[in-house]
Every structure is written in C-alpha cells, then in structure tokens.
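The following note sets out, in numbered points, what may be read from the model shown below. It is written for a reader who is new to the study of protein structures.

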Amino acid sequence: MSTVLDLLTIVFVSVGVFFFVAGTVGLLRFPDTLTRLHALTKADNLGLGLIVIGLLPRVDSPQDALKLILVWALVLVASSNSSQLIARKVRREES
Amino acid sequence: MTIPTIFGICASLLIGLGLYGIIIQTRVLRKLLAFNLVGTGVFLLFGVIGRRGAGGGLEGDPVVFGLVITGIVVAFSATALAVAILIRLHEETGDDSLVDEPPDEEGR
Amino acid sequence: MTEFLFVAAILVLITLTLSLARVLRGPAKVDRMMAAQLLGTGGIAILLLAAGSGLKAAADVALTLALLSALAAVAFVKSGERLATRTKNDKQP
Amino acid sequence: MFASLTDSGVLLVFALVLPVSGMLLALLTGGRHARTVTLLILLANVVVVGGIVGGIWQTGQAVNYHLGGWSPPLGIELRADGLSGAMMAVTALVSLAAGLYAPPSFRFPKSQENRESRMSFVFWYLLSATVAAMNLVFLAQDLFTLYVALELVAFAGVPMVALSGSANTLLAALRYLIFALIGSIFYLLGAVLLYGLHGTLDISLLAGLVEPGPSLWLILAFMTVGLAAKTALFPLHIWLPPAHAGAPPAASALLSALVVKASFFLVIRLWFDLVPGLPAPSASQVLGAMGAGAILFGGVLALRQARLKLLIAYSTIAQLGYLFLAFPLAFGMGVETDGALTGGMFQAMAHAFAKASMFMAAGLIAEAIGHDRIADLGGLGRVLPVTCLAFGIAALSLIGVPPTGGFVAKWLLLEAAAISGQWWWAVLLILGGFLAGGYMFRVIMPALARDVTPPTLIAPVSRFREAVVLALALAALALGLFPEAPTELLALGRPQSLEILSP
Amino acid sequence: MNTDLIFCMGLALLILGVAVFVVGSREPFPAVVGFVIFGLLVSIAWMCLSAPDVALTEAAIGGGVTGALLLVATARLGDSSKKGQKTKTPMGFHGLVILLCVAVSAGLIAVVLTFPEPAPTLALVALEPLESTGVKNPVTAVLLAYRALDTLLETVVVLLAMAGVWSLAKDSDWSKTPLFGYSPEPGGPLVLLAKVLIPVGVIFGIYMVWTGSDHPGGKFQGAAILAAMGILGLVAGVTSVPAVTNAKLRWLLVLGPAVFLVVGLMGFLSVGYFLAWPPGLSKAVIVLIEVALTPSLALMLGLLVAGPPRQLPTSNS
C-alpha cells in the first residue's frame, strides 16, 4: 500500500516540478508580455496543484490536507485575479 | 560545512553588502533597502546562533527566536516611518535624495 | 522519500534561479512583477514540499505567503505605475 | 520571593510604567487633555525619580528589580546605580522644564472646543515617549532591551525634528533617522555576537565572561561606532546641526540635552561596565581623538554661524566631544582614573541643563524679536534681561568658567589628564575652552552693548517661561556650587574595580 | 553530501544573488521587486534554521507588508531623482568603502567560524520553567513570560512609530483619514479578489494567534496577516479607515497595550512582581494578553503602512 502511495507522490511531484520548469522556460523564451503571462499562469497553477496532489497521501490529518488544498486554492484565486488585472492594465496602456 | 555555518557566512556577506549599499546609494529608498539587508543579515546571524544552541529536545534557542521576532517588527516600523518621511519630503521638494536644500534664510 | 522531496525542492529552487533572470532583465515592469509572482509560487511549492517531509509548520508559512503575495501584486497594479513602461536603464543598453 | 510594594526596586517599574501610560492616555484623550495628562505624568516622574535617587543614596547601593520574578540570563533585570540615578534626575527635570515652557508654542485651534491640532498632540505624545525611552536606557541591564530603548529614543526624536513640517526639517529628520537606524543595527550586531560567544545579554553577567581577543575588539568596534553615530561624534556628526536647529525650541532642548546622551550613556556602560579596562589603551585614544576632532570642528564652525540656533547646535557637537575625552583619560595609560568618569558624567549633566536653557532662551528671543540673526542681537540685554541672564549663565557653564557645573566637569577631566600624565588632552581642554569662549562671546558681548539701539519687541515675553529658562541655567550653576553630593551619587553602586580606586 | 545541505547552499547563494541585485540595480523599481523576492527566500531560510515562528513573521512582515509599502512608495517617488544621480562618488572614496565592507564581512565570517563549541544557549534554561507558564511553544513563553517587558515595549515602539507617521500630515489634514495608494476604481476583479481573500485571511490570522501558545505562530504573525488584509481592503476600496482623531480608533489602538500594562500591574498583587502571572492561571493570562494585543497591533501595523492622514486627491491620476 505504502509503495503505491509513494509512487503516486513521486509521479505527481515530478510532473509538478516539470511544469515549473516549463513555466520558467516560457517566461524566459516567449517574445512578449501577454504570452509570458499565459506561460506563467499555466505553470504555477498546474505545477503547484500537481505537487499538492502528490503530497496529499503523505499528510497525517485531514486538517493538514485541507491546509494544502487551501494554499493551492488561494494561489489559484490570487494569481488568476492579479493576472487579469495586469493584463487589463497592460492592454489599456498599450492601446 | 553545516547549515548554521552556511547561513552564518551568508549573513556576514549580507551585512557587508548592505553597508556598501547604505553608503554608496544616493537615493533614500535605496538606502532603506540596503538597511533592510543589513537588518536581515543581523537577524539571520542571530538565528544561526539560536540554531547552534539547540538542546533539550528543542531545535533552537527559543530566547533568540523570540528576540528576532521583536527585532523584525521594530525594523519594519523603522522602515515605514522612513518611507513616510521620504514621501512627504518628495511632495515638498520633488526630490528623494539626501542632498542639501538651500538653508532657510530667515531665522524663526 | 524525504530525499526525493528534497531533490524536488532543489529542482524548484533551480527554476527560481532561472526566473530570477527575468526579474533582472525586465524589460517592462510587468515582466519583473510577473517573474516575482512565479518566484512566489515556487517558494510556496518548496515550503509545501518541506511540509510533506514532516516539517508541519512550513504549511502555515506557505499559507501566509499565498495570502500576502496577492497583496504585493495588487499593490503593484493599483499603485499607479505605468506597467508597460520600460525602466530607464533598459532603453540605453 | 515576595517583593513588597514599598521596596524601592518597585519604583524602577514605575519610572517606565508612568511615562508609557502617559503616552497611552495622551493618545486616548487627545486635544487639551493630552497637555494636562503629560504635565501631571512629568511631575509624577520627578517624584518617582526622586524616590529612586533617595533609595540609592540611603543604601549606598544600586537598586534593582527582576521583572516578572525572572532573573537573568532568562529574564530581564532593571538596575539603577549612581550613574542611572543622576541621569534620570537630569532627564526628569529637563523634561518637566520643557513641558512647562512649551504650551504657548503649541496652541489649540480656537474655533473648536476640545479639537486637537497636529503639532500639540504630537509634541505632548513625544514628550512622554522621550521620558519613557530615556528612563529605559538608564535602567535596562539587558543588551537587547537596550536596543529597543535606543529605537524608542530615535522614534521619539525623529518626529520632533520634523514637527514644523518644512522641507528642511523633513530632510534633517530623514538624515537623522538613517544615521540612527544604522547606528542601532550595528549596536545590535555587537550584542548578537556577544550572545553567540557567551549565551547571555545581561551586562553584569557578560562582564564576568568576556575575554580579551580579536572577537571582542570587533564587537566593541561595531557597538561603539554604532553608538557614536547616534551621539553625533565627529566625523559622524553631519546630521545633528540641521536637526537640532530646525525643531521647535522645546523640542530642540530635549534633543540636544537628553536624546544624544542616551547613546553616550550606553558607550559608558559598554566601556566601564561591560569590558572595564580590557581594551588596549590605544583604543581609548582613538575615541579621544574623535572627541578632540568634535571639539575643534564644532567650535570653529560655531564661530562662523550667522544664526543663533545653528550656533547652539554646533556648540552641541563640540560639547559632546568632551564626553568622549573621559575614555582616554580613564583608560589611556593603562591605569584607571576614577575622576575621568565623574568628569564625563558631570559634563553630560551640566551640558544638559545649560543647553536646554540655551535653546529655550533662543526660542524666546526669536519669538520676541522675530528672528535669530546673531548680527542683529545688539543691545538685547536691555529688552530681555532675564533671558539674556539665563543665556549668559548657561554660556559660562559651557565655556567652563567657575563656579559652574561645566567648570567642575572640565576641572575633573584636567585633573585626570594630570594624574595619568596625558598632557595633550589638557592642552585640548584649554583650547576647547577658548573656542567656546569665542563663540559664546560673539552673542553675549553685543547683547550687553550699551551704545546700540536694542531690537524692537514684536511680541511680549512670558515671565513664567523666562523663569523656566533661568531655572535651568541656575541648575547648571548649582552643579558647580554644590558638586559634592552629585559626585558622591555618581560613585554609588558602581562595579567593585572602580570603587577601590576612588580616593 | 546531504541533499538538505545542498539545498541550503543553493538557497544561501540565491539569497546573496538577489541581495547583490537589490544593491546594484540601477533603477529603484527592480530593486524593490528584488527585495520582495529576498523576503520570500529569507523566510524559507528561517525554516532551514528550524525557526518556524520567525519564518512566519518574515513571510508576513518582511515579504508581504513591507513589499506593499515599498512598491507603493516607488510608484509615488517616480523613477528619477533630480539631484541624487548627478553627484558622483570619487574613485578613492569608493575604494575605501569597498575595503571597509569587505573587512566587516571578513571579520564577521572569522567570528562565525570560531564560535565556541558547544554553543552557549538558554534553550535548557528556558525549557525548565516552561511547564509553569502553561504554554507549549517556548518562543511564546519567551515573548510573554520571561521577557514580557520586551514585548510590551515593542508594542510601544510600534505605537510611537505610527504616531510618527501621523505627525507628517499637513496641519490642515489632521482630521482626515490615512489613504494608502491611490483612490480605487470601484468594481472589477479587485473587489472580487478582496472579497475572497479577506475572509480567508482574517480566519487564518485569528487561527495564527490562537495556535500560537502551543504551536508556531502568535500575535505578531496574526496581527501582520490581519493588517495585510486591511491594506488589501483599503486598496480595493472595500474597507476604509476612520480619521486619526476618531475616538473609537484611539480606543482600539490603546486597548492592547493598556490591557498588557494593567495585567502586568496586577502581577504585583497576585505574585508580587510586575509582569508576573499567577501560577495556574499563566496560560489564561497569556492568551488574554495575546487576544487583547492582536487587534491593536493589527491596526498599528496597518496604519504604519497607510501613511499620514491626507486629503483625497481631487484630480484623477
């Protein structure tokens, strides 16, 4: 049982880390601001989410699990909102 | 090499670097940033001392950690006060360096 | 297993170093801010990995960062900065 | 285990609790009440400090108190020896004088009943804060608590500098704040390293643990330089003149008389209590050289000022220089001479009274004739006799003319120079006296002149405020007329090593 | 070499790299962004040093609240300085400064490497009476029992700094309210964000205070989070601050320190010492002080950031 869960952790965390790498590469390589913004939101939302899922089997109380999910939810809300704010403002300034 | 040593060296370098920034930078905001680097360096150094003092089942010296928390709050208050003065000064003179204004001619 | 989580943390740390390059290079303010946001999420990820390896309090720190990184971004947007402006030193390389 | 409420150690607690509650009450009540509350608190503080000094005097020993019953190294100890007692007494009197002098400068808006104005609220609030901070500096025995105390002193002093809100004062306040912050963070760095070496922050415990060596010299250098920057010791003095000259007179008096003494007092604690006699004599010579630079530089610049308040501010730099002569005179030749410390403390006290009197007198002059240009003060003695008398007495003390407190201070320092055979400091002391005479007589001689038309008064001068100013000047005089009691007080409760050497 | 050691080394290097950038960057804005990142990395470093209480404080205050403060400050100060940049430091002076700073760092490293072994510590001394204080988090015991005076004075420091910020108002603005940043545009994603984040933040801040007596956390961390939520509300336009002359505001500010003082004075009656807690009731007293201090501290920290009271700007920026 524990080996299965460990394997789950390894797979999800690895893929999560991969998304972080991809997001960073996007941030570095993409040509303009709005595409970079796109890369960024993908990376942190997906990467962090996968890491959270990967870590869930390892927590020892439901409260701790709830906390992990809450962190993810907060990052999701905050980053999507602030990305939207940034994108709006950049568009308005560029036009 | 141990973890306290790594961060001890890191803190020492931060203090030197921050001191350089405080002296060299002409704009006050940059001086404040540099001051905060020195402050963080001092607190980290204290933390290293606290970590080295682990014992009795504690992972560090709680006295040190308590004092560092106090220090961080005090350093923040100082930064906020300085920023407030700086912004007010900027409103008055349009400048944000410590270069002298022409002195008051009239004595009050 | 703890070893694996540490390795993952090191990898995230490396991506943080790379995205730091975007903070350094800009060119626009918004690029720097976005890179900072990615760094924030990366830091949260590292703390969660630490929480997964048994350091329970790290989850609280991550939660604090998640709450406050939003504040920094909002303060930035609302502070009246012209986001798309490039900072001065980038115009004259 | 049970300390009764009549124990004089309890008074140490009240020396902190009173001014802090003064701050809270001023914030709560605001407006006119802030003034009433603060003045009552200042009066009560005089009584409490009197009780503490009485306690030290009667027992002949330091008074101490363990907060919460926790003893060091885990807890914090408050301790008042003779030095603390004397400085707290000076603080209590000067702050009360400032409080009595200030009200006409900080009027309330006439239209509304108890609505407060910015300047009045801030001044009264900061006055209580200054007293709380100074008392803490004199009482705390823990290096970290002292760090908090230093920050309190700075946060009370900086807004005082910027009270008028003009661009110049804002700049001066900002510069002062930055020096103060750097100073205290380097002081803290030293304290942190001491904890790393010895595992405690209590001064008396540390005194038994420190060992001479490169680590200790580095720590001492950090702490001393940090504190010197806050004391405006040459060459870290540039922030002081605009800051002290730009504040309202009552605030200038507090800044020059008290606030800069806080960090000086900690240097004394460091060199005389924490590492008595440990550093090489050459280290104390360096401190003395900086003091010498201050005396000469401050004196020469004071000679060249066109405005009275700036002249007084530059004179502060010079007078602070004397304080640091205590170090080479005490430790310079490898023998500890007790008179040097007493001389330094006398200088601190006499300067506090004289300088407070002088800044307030300058404030009265500026209010009465509308300016403070030194060139146009001719004949002032005839229109403002009491103010000019006070100014004159204070000036004599700063110059070091007998029988003033300033004279006793300089005499004790000269004596220490003679005993330890350091003639070069004696020469400097005399030279500094001539410089002070020069810049003070630039003001006094024209003011006494009979053949010029005196400036016209544009506003009447309050007799009561003149009396306050005169009382401060007389206090500086009294220190010189009755030097025995303060000398004895200063020696009480001191560490053993110094008591043995006293005659 | 262990992975945790490698991680710490990488983190230390990254911290130093960001610090070099903060000092060296030519423009203020990138330097401030660098500083926000610096705060984040340092709070991870505190976890490496096994100091979760400090990590929480650094995350809340060092990274978040200071970051917001400085970002808004750079925006208001603009990019260029009129006089600052013209003055060039002479080469000789520059060299001396570098020499000085290198000497400081080298001296410190030398002291760090020769720290005594075993390290002197108060950990054991602090642990012994921990039971009598009733709390399980030794850092809380330090802050509210052994060294309660420091904590009391620290709130006074914050209160004093806050009044210092207020004192910078123009005379005519004294009865106005502190404004942070610029007047917000109503509606939009920001209000939504504020409405989602603020309740979560408030609950988390309260949880932080509540858990602090036994686990990492406490009033400073909780108050900083609450203050941050207040600032967020201010920026989004969903909360507002009363005028600084408002009586209720003054009461709320004084409440925490006053309760601390009064309870401290009651120590005279119950145990015979100022700031001593009656045995058996220790934990209750500590919790009472923390609960009373939290709203006051949160308000003070928030007002420190919000700046002096000001007239609303009439023209839109």
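**Note on chain E and its partners**

1. E:Arg76 and B:Glu91 are joined by a salt bridge, with their closest N and O atoms 2.9 Å apart. This value, like every other in the note, comes from a predicted model. The salt bridge between E:Arg76 and B:Glu91 belongs to a set of three salt bridges across the interface of chain E and chain B. Between these two chains there are also 17 residue pairs in polar contact, with both residues at pLDDT 80 or more. The side of chain E that touches chain B is made up, by class, of 61 nonpolar, 17 polar and 15 charged residues.

2. How many residues does each chain bring to the contact between chain E and chain B? Chain E provides 93 residues and chain B provides 77 residues. The area buried between chain E and chain B is about 7500 Å², and carbon and sulfur atoms give 78% of that area. Within chain E, the residues that lose the most area to chain B are E:Val23, E:Leu49 and E:Leu77, which together account for 10% of what that side buries. Among the six pairs of chains that touch, chains B and E have the most contacts.

3. Chain E also meets chain D, in a contact that takes 52 residues from chain E and 60 residues from chain D. Here the buried area is about 4900 Å², with 77% given by carbon and sulfur atoms. The count of salt bridges between chain E and chain D is two. One of them links the side chains of E:Arg147 and D:Asp142, at 2.7 Å from N to O.

4. Which helices of chain E supply at least two residues each of the side that touches chain D? They are α4 (91-113), α5 (123-127), α6 (130-133), α7 (138-146), α8 (148-166) and α11 (247-270). The largest share, 11 residues, comes from α8(E). By class, this side of chain E has 37 nonpolar, 10 polar and five charged residues.

5. Some pairs of chains do not touch. Chain B and chain C are one such pair, and their nearest C-alpha atoms are 12 Å apart. Chain C and chain D are another, with their nearest C-alpha atoms 23 Å apart.

6. The fold of chain E comprises 12 helices and two strands. Along the sequence these elements follow the pattern α-α-α-α-α-α-α-α-β-α-α-α-α-β. The C-alpha trace of chain E spans about 65 × 55 × 35 Å along its principal axes. Of the 317 residues in chain E, 64% are buried. Among the contacts in chain E with a separation of 6 or more, 75% are between residues 24 or more positions apart. The accessible surface of chain E is about 11100 Å², and 69% of it belongs to carbon and sulfur atoms.

7. Chain A has three helices and zero strands, and its elements run α-α-α from the N terminus on. Buried residues make up 47% of its 95 residues. In chain A, residues 24 or more positions apart account for 68% of the contacts with a separation of 6 or more. The accessible surface of chain A is about 4700 Å², with 70% belonging to carbon and sulfur atoms.

8. Two residues of chain E deserve attention for their backbone angles. E:Ser50 is not a glycine, yet its phi is positive, near 55°. E:Ser50 lies in the loop between α2 (28-48) and α3 (52-77) of chain E. Is E:Ser50 buried or exposed? E:Ser50 counts as buried because its relative accessibility is 17%, which is under the cut-off of 20%. E:Leu275, also a residue other than glycine, has a positive phi near 60°. E:Leu275 is placed in the loop between α11 and α12 (282-306) of chain E, and at 2% relative accessibility E:Leu275 counts as buried.

9. In chain D, the bond from D:Pro72 to D:Pro73 is cis, with omega near 10°, and D:Pro73 is in the loop between β1 (63-66) and β2 (77-80). In chain E, the bond from E:Glu117 to E:Pro118 is cis, with omega near -5°, and E:Pro118 is found in the loop between α4 and α5.

Note on methods
Residues numbered from 1 in each chain as written. Chains lettered and ligands numbered in written order. Heavy atoms only, no water. Contact = heavy atoms within 4.5 Å. Buried area = accessible area lost by both parts, 1.4 Å probe. Salt bridge = Lys/Arg side-chain N within 4 Å of Asp/Glu carboxyl O. Helix = DSSP H or I, 4+ residues; strand = E, 2+ residues; numbered from the N terminus. Nonpolar A, V, L, I, M, F, W, Y, C, P; charged D, E, K, R; others polar. Buried < 20%, exposed > 50% of the residue type's maximum accessible area, 1.4 Å probe, protein only. Areas by Shrake-Rupley, 256 points an atom, 1.4 Å probe, with all protein chains shown as cover. Polar contact = N/O pair within 3.5 Å; in protein donor to acceptor, adjacent residues only side chain to side chain.
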